[in-house]
Amino acid sequence: MDAARDEVALTDIAACFEGIIPAEIATASADGVPNVTHLSRVHMVDDDHVALSNQFFSKTTQNLAENPRACVCLIDPLTYESYKLVLQYERTERRGVLFDRMRRDIDAIAALTGMSGVFKLRSADIYRVISIESVVAAVHESTS
């Protein structure tokens with residue numbers, strides 16, 4: 001693992017996985033055309049993996065088939081610190097304990113936002129975390 005990964009662990013940014021502030025995922029096609037979209041849920045699977053909720057990922061899924069790398073931006077809801085995770089897609093789960101847990105989370109979000117019936121979890125996509133980097137957002141930069 002690289003130095004950035006050694007400095008920040010998934011457990012250090014656990015608040016980012018509470019689903020309070022939606023994350024963003026960026027992928028690119030094989031020829032470099034980017035796609036960015038919001039995620040309803042990012043779940044910490046273990047010290048080296050995260051699961052992303054896949055609901056409306058047609059372009060993201062297509063990009064990952066061509067180029068299995070992704071970048072996810074997370075924000076800590078308590079401190080507003082931002083983190084960039086570079087990920088390697090590994091697999092998709094459509095059943096099991098992790099999928100059921102994420103489906104319950106998505107169903108709760110759908111009920112709260114009036115999107116029940118539309119907002120359905122298609123899969124839990126599992127990624128290996130390659131690096132984690134703390135990102136200084138413009139809102140945190142010093143103006144002096």
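Modeller: Here we go through some labels and what lies behind each of them.

Modeller: This is a predicted model, so local features need pLDDT of at least 70 and side-chain atom pairs count only at pLDDT 80 or more, while totals for chains, interfaces and linings use all residues. Residues are numbered from 1 along each chain as its sequence is written, and side-chain values use heavy atoms, with hydrogens and water left out.

Biologist: Let's start with Ala23. Why is Ala23 called buried?

Modeller: Buried means under 20% relative accessible area, exposed over 50%, and partly exposed in between, using a 1.4 Å probe and protein chains only. Ala23 has 5% relative accessibility, so it counts as buried.

Biologist: Where does Ala23 sit, and what does Ala23 touch?

Modeller: Ala23 is in strand E1, residues 23-28. Strands (E, at least two residues) and helices (H or I, at least four) are DSSP runs, numbered from the N terminus. Leaving out residues up to four places away in sequence, the contacts of Ala23 include His38, Leu39, Val42 and Val72; a contact means heavy atoms within 4.5 Å. Val72 is 49 residues from Ala23 along the chain, yet their C-alpha atoms are separated by 6.8 Å.

Biologist: What makes a set of residues a nonpolar core?

Modeller: The set must consist of buried Ala, Val, Leu, Ile, Met, Phe, Trp, Tyr and Cys residues joined through side-chain atoms within 4.5 Å. The largest such core here has 22 residues, and among those with the most contacts inside it are Val42, Val50, Val72 and Leu74. Strands E1, E4 (49-54), E5 (69-75), E6 (82-93) and E7 (123-135) each supply at least two residues of this core. A second, separate core of eight residues includes Phe99 and Ile106.

Biologist: Why is the pairing of Arg41 and Asp105 called a salt bridge?

Modeller: The rule asks for a side-chain nitrogen of Lys or Arg within 4 Å of a carboxyl oxygen of Asp or Glu. Arg41 and Asp105 meet at 3.0 Å, N to O, and by this rule the count comes to six salt bridges. Arg41 lies in the loop between strand E2 (34-39) and strand E3 (42-46), while Asp105 is in helix H3 (residues 97-113), 64 residues apart.

Biologist: Are those two partners buried or partly exposed?

Modeller: Arg41, at 11% relative accessibility, counts as buried. Asp105 has a relative accessible area of 23%, so it is partly exposed.

Biologist: How do you know that Arg103 and Asp100 are about one helical turn apart?

Modeller: Because they are three residues apart in helix H3, they are separated by about one helical turn. Arg103, at 35%, is partly exposed, and Asp100, at 27%, counts as partly exposed.

Biologist: Which residues are linked in a network of salt bridges?

Modeller: Glu90, Arg91, Glu93 and Arg128 are. Within that group, the side chains of Arg91 and Glu93 meet at 3.1 Å, N to O.
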